[in-house]
Number of protein chains: 4
Amino acid sequence: MSDSTTQRTGVWFVGARGSVATTTTVGLLAIRAGLAGHTGMVSELPQVAAAGLAPLDRIVVGGHEVADGSLAKRAEELSAGGVIPPALAQVLASELTAVDERIRPGVVAGHGSQRSAADRVAADLRAFRTEHDLDSVVVVDVSSTEPPAPEGPAALRTPEALEAALDAGEAPLPGSSLYAYAAFRSGCPFVAFTPSPGPRVPALAALATAAGLPWAGSDAKTGETLVKTVLAPMFATRALKVRSWSSVNLLGGGDGQTLADPDNAASKTATKAHGLEAILGHAVDGPLHIDFVPDLGDWKTAWDMVSFEGFLGTRMSMQFTWSGCDSSLAAPLVLDLVRLVSRAQSLGLRGPVPELGFFFKDPAGSDVHALSSQWEALVAWCARAAAAGGSA
Amino acid sequence: MSDSTTQRTGVWFVGARGSVATTTTVGLLAIRAGLAGHTGMVSELPQVAAAGLAPLDRIVVGGHEVADGSLAKRAEELSAGGVIPPALAQVLASELTAVDERIRPGVVAGHGSQRSAADRVAADLRAFRTEHDLDSVVVVDVSSTEPPAPEGPAALRTPEALEAALDAGEAPLPGSSLYAYAAFRSGCPFVAFTPSPGPRVPALAALATAAGLPWAGSDAKTGETLVKTVLAPMFATRALKVRSWSSVNLLGGGDGQTLADPDNAASKTATKAHGLEAILGHAVDGPLHIDFVPDLGDWKTAWDMVSFEGFLGTRMSMQFTWSGCDSSLAAPLVLDLVRLVSRAQSLGLRGPVPELGFFFKDPAGSDVHALSSQWEALVAWCARAAAAGGSA
Amino acid sequence: MSDSTTQRTGVWFVGARGSVATTTTVGLLAIRAGLAGHTGMVSELPQVAAAGLAPLDRIVVGGHEVADGSLAKRAEELSAGGVIPPALAQVLASELTAVDERIRPGVVAGHGSQRSAADRVAADLRAFRTEHDLDSVVVVDVSSTEPPAPEGPAALRTPEALEAALDAGEAPLPGSSLYAYAAFRSGCPFVAFTPSPGPRVPALAALATAAGLPWAGSDAKTGETLVKTVLAPMFATRALKVRSWSSVNLLGGGDGQTLADPDNAASKTATKAHGLEAILGHAVDGPLHIDFVPDLGDWKTAWDMVSFEGFLGTRMSMQFTWSGCDSSLAAPLVLDLVRLVSRAQSLGLRGPVPELGFFFKDPAGSDVHALSSQWEALVAWCARAAAAGGSA
Amino acid sequence: MSDSTTQRTGVWFVGARGSVATTTTVGLLAIRAGLAGHTGMVSELPQVAAAGLAPLDRIVVGGHEVADGSLAKRAEELSAGGVIPPALAQVLASELTAVDERIRPGVVAGHGSQRSAADRVAADLRAFRTEHDLDSVVVVDVSSTEPPAPEGPAALRTPEALEAALDAGEAPLPGSSLYAYAAFRSGCPFVAFTPSPGPRVPALAALATAAGLPWAGSDAKTGETLVKTVLAPMFATRALKVRSWSSVNLLGGGDGQTLADPDNAASKTATKAHGLEAILGHAVDGPLHIDFVPDLGDWKTAWDMVSFEGFLGTRMSMQFTWSGCDSSLAAPLVLDLVRLVSRAQSLGLRGPVPELGFFFKDPAGSDVHALSSQWEALVAWCARAAAAGGSA
């Protein structure tokens, strides 16, 4: 395989015209055009860049999308919402149109068999790789959050059972997992950027390992949970007893709308709650709300209230408010993950990459949630990658 | 020297009837009587306890104090202010009276020569050690914050120059440094719990090293700065650009009153600002206020507003409010530091112990400010201490 | 009738050992003993006191209660929770025991017929009035919040239908309404301090008017809603467009537990939402959460986030956090309402007193919600009462 | 005089290219072009519009300015800062240029005598009125805040003393007062939108009355103080005792820079503190900070912390954070005040108009600070104006 720092890398979005994919695409083009800097990109920090990562100017964007519209129009909308500087959407309009032409129709549940849908997705991935002469294509799921996968249907337990079910015309896979299946079948690593099941059903995890492919997930931590995973270790290492931790997330964007459905939100609240308990070592009381407030647009306001006990039982509290733009926070992490997962592939790694837990609320292959520990694991991994040099 | 886990340790407070010393004393007695738990005590966490620390039931308290009054009365006041459970103050009244009898009059600036004052303090320390058969006496400065030490008067540059100045009847030492001088002269380690100069003037740092004594400081981080040193690394490792960080501290207690004097506050604002700049790698705009609001009593409310920039220049913000009781947060750390510095002494360490930076806003001997890194350094130190066993 | 300012007034609590009733009782006794001031008592402000109100030292407390225990013990618990100064609970213990002896067993749903239960309650009220030679007995419902009353069963439409249903052995009345029925039957005014239906079913409203009795309600506004009803008029009169208003209420006390049941919370969220819409003149988006967080004890923390639009569509926001003790905020209002409703009775008023809307989230007989307008209506009413003099 | 609702009105800005004047001008043009609505304009609420106010499409803008640049460029800058929608600045560019041509060079202190400067300003005002055939020209001071006027120099005590001093070549007038002098001399009413002295020196107040001219001021309340004047009455009418009220204002704009100079800030902090004390009836402890944080641009974040006491001495607290855009909040009030002061002139009123206190932190001619009371006074005044009809 070629030197990692000169390799041509493809990003294939599931949900290619969503807010996160659009912001990522605009950002990539803007950086390449010298119109934007690297703020928010972890992979440009020297400790991470040291790993020898794919250059941004050799990344090609494609993807699947079920919705109509165009990237240029989505960019304008995001620009009106304050996510993207207005000038960028205008200047990059023609380049966005070029990307648009690489976006293929996504899979709509219930239209045709899952076998044929997966075959089509895999064919799209192979065609993309060939057409653009790519060393690696990383599939990134940034589509709407799905409900948690049902517990253990037999068809999802092993690759063999899964193949048999698909052959039999069954449709056992959640939508996100269908894409992960197609990715692994066509030799592509996968990034589960949302809490959707994706590659985390046992049959697919086994398939990735068998295929020698790395993957990373799930559910990027970009805001309130990010803050939690630095505050909780503070309480823990200072021996302060957290008594309740109440969280409210007000979201206006498409994700907010999806999460207004309690079934979908179940995935999110589950991954959000994981970290706190893991870090503190005990369950913590307090509500965790995710509310859709359309008026907020692409922005999110989260409020957390922590009640804790100190010496001699004295009761104290801390509150924080986070006012962030989820797409702005997510987009640079997408670029980071594409570069890092692609690097993992060039190093011959297979299965979940636990050292990428730094990016996720529910880190696959890891039970470390404290951000500082995750950072150190990531930096150490990058140093090992640096030592491994440019070829696998 | 005896096994560290059976040794008899003295705590000698400078400011023995202040809020922190009183809360520490009440807490120590309460824990010993089985009336309180260890919440807030870092030295009871397994990773730290592993170092082999002095048992709490062999710690004896004494100290100097310039103010009148009694510990029992101070405990009642703190109890009215919600710092100490009312029942404790009552139940422990007679034990507090016993401690009170070990408190000696503090040094009042301008009354007599610094030479004679230092001699008297040193004699008090030696008498305390002898009378109670203590293996180690740790002097802890919890008295009111002094202004920053003047830049480099000749008399404070070397031990020799200092001795000559004292012999000549001069009074070159800030109050806190006079106590550090006496401590080092009588073989006692020192903890600079406040931002006052204490052992940090060059002559005294040299004296401690020459005397083979460890010390730790300065300015315990117990609230807003503690939070800053976990949040700032989050922004840094996520490549988010902090544009301004504004801080307001409303304090009602004695420390608030002291800090209402801008000269005294200068020490505090300096140590509070250190960490942020060190972690982020650049100066950050924004005010840092410390205000005396008597109505708040022993409590403190701090509000911080962080304005930061993400991908494509998007501007976001985070705020937090910390509502804490400074004495409750400080007292268990005093016990931790006494045990850890005493352990450092038993290990034969001399000079500032950088691994105790975890406890301080301005860590002596270290430029590490991120709490998680400080925690790891502390845990590693404790592991080494464990390996070193019970005798130096 | 006697001069209002010398009259002997009874307070009869429904829920006489709950947090609000206990705090009110302790407070009344403490003020009378010179151990506490009038902070929080609206009826001691000169504009309200002008109405000529019953003196506090002639108020006698009694009530119904379904729970076991004693007022003295409840006072101790409230004292541990920071609601009542510890010393008060101790000093007033014997007086509390005297009140305890006047507390009768409350009505338990399903035990016996509603007819006989109502007769027993009415008998208790008459006995209390006679025994203590009271000019007026005001029944105050401070028991747990019930679900909203079912829409219009025939039996609750008119006094006649209600009597017939009770005669027929039916149980058409919600618990709170049964007490209101008994109150009106025995000549007692009523205060609906909670959002429970109480006197607001049509049959009872008609009964009160027929009996010549005044009443007031519902759902005292003591915290977050209070703040809303001063902020919303600010936005309205400044022509700023409120786009969303999100509210979170974290409650630890008994009321929190009751409200954790969505059926019961329905009453509360309904009355909390009324005011905002009435003041702004349009529905407002945004969640309204009430969460039970046991750790908070008798305290409540509410967080509100208001997103609004200004000139040229500029989007701005405001947040507030309210940290209050509900029982402390409620108790003085109970005393105020007892005095004011008793005064309304002495003035010969009948039915809901709209000018008491100042105290309530869902003001009976009024659609005014802005606190300042309610205050002016109250002050004007008191001025009229003053002019009317001491007898009806 | 013509019917107030058809009259041609001039606005003459002192500081015509500042943020507030530019936003006001853009807004006026945008509303006239049907590109923006009336959000934020009090004078469009029916209770106020009832007064019979000058139509927006007959308002002509002019002004003085000491700074170079153009309105179109300032509009672009404000658009980049999120104050003005980007499209507006572009669409209105040519109209802004037309306004620009009516802007005259402002008075620079120390250049020439105050007598000649005042004559020039007055000549500019008369020329503007004549050239545009205006019924009324209202001078509005939106220039940078000046320090408080020195206490009572003789020259500022009476019109006669002032004239004599000017004749003698002295320069007794603060800059803002020089403009007020010229306004009154040329028959123009005046709005003191900032805390600068303006018309509030005794000689000028007397001059306005003698000239039969109305004026309004001072220091528009647009954010944190606005909120204070609705919250403070809530505490007062609920008999809750405010123990401390701490305020922090972080400002990034030009006003922030001006106020970073403590001399200038003195005007602001004085007017901000007035209201609270007046409403609560007693002085309140707590700091009041105004900080310049350039990073915040045209935006402001204020944090307030109120500590209060309830029944039985229970201590509670409330915090709020206000995130607003000062220019957006101020601009519609400028249009309101121009229309209302012009109406006052048509009604023949002279001197300060106390009923316009609704708009100000330091209401001239009034000691009412509670917003709701101010609103009622304004509405009543408008009703009287309506009754008075279209001519004075």
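Colleague: Which residues is C:Ser176 in contact with, leaving aside its neighbours within four places in sequence?
Modeller: C:Ser176 is in contact with C:Asp141, C:Glu146, C:Phe190, C:Ser196, C:Pro197 and C:Gly198. Contact here means heavy atoms within 4.5 Å. This is a predicted model, where local features need pLDDT of at least 70 and side-chain atom pairs count only at pLDDT 80 or more, while totals for chains, interfaces and linings use all residues. Residues are numbered from 1 along each chain as its sequence is written, chains are lettered from A and ligands numbered from 1 in the order in which they are written, and side-chain values use heavy atoms, with hydrogens and water left out.

Colleague: Okay, and where does C:Ser176 sit in chain C?
Modeller: In helix α8, residues 175-185. Helices are DSSP runs of H or I with at least four residues, strands are E runs of at least two, and both are numbered from the N terminus.

Colleague: Is C:Ser176 buried or exposed?
Modeller: Buried, because its relative accessible area is 2%. The cut-offs are under 20% for buried, over 50% for exposed, and partly exposed in between, with a 1.4 Å probe and protein chains only.

Colleague: What about C:Glu77, which helix is that in?
Modeller: C:Glu77 belongs to helix α3, residues 71-80 of chain C. With a relative accessible area of 40%, C:Glu77 counts as partly exposed.

Colleague: How many Å separate the C-alpha atoms of C:Glu77 and C:Ala182?
Modeller: They are separated by 31 Å, and the two residues are 105 residues apart along the chain.

Colleague: Switching to chain A: how many helices and strands does it have?
Modeller: Chain A has 14 helices and 11 strands. Its C-alpha atoms fill a box of roughly 65 × 50 × 45 Å along the principal axes.

Colleague: And how much of chain A is buried?
Modeller: Of its 392 residues, 61% count as buried. Among contacts in chain A with a separation of 6 or more, 78% come from residues 24 or more positions apart.

Colleague: What's the area buried between them?
Modeller: About 4500 Å², with carbon and sulfur atoms giving 68% of it. Buried area is the accessible area (1.4 Å probe) that two parts lose on being put together, summed over both.
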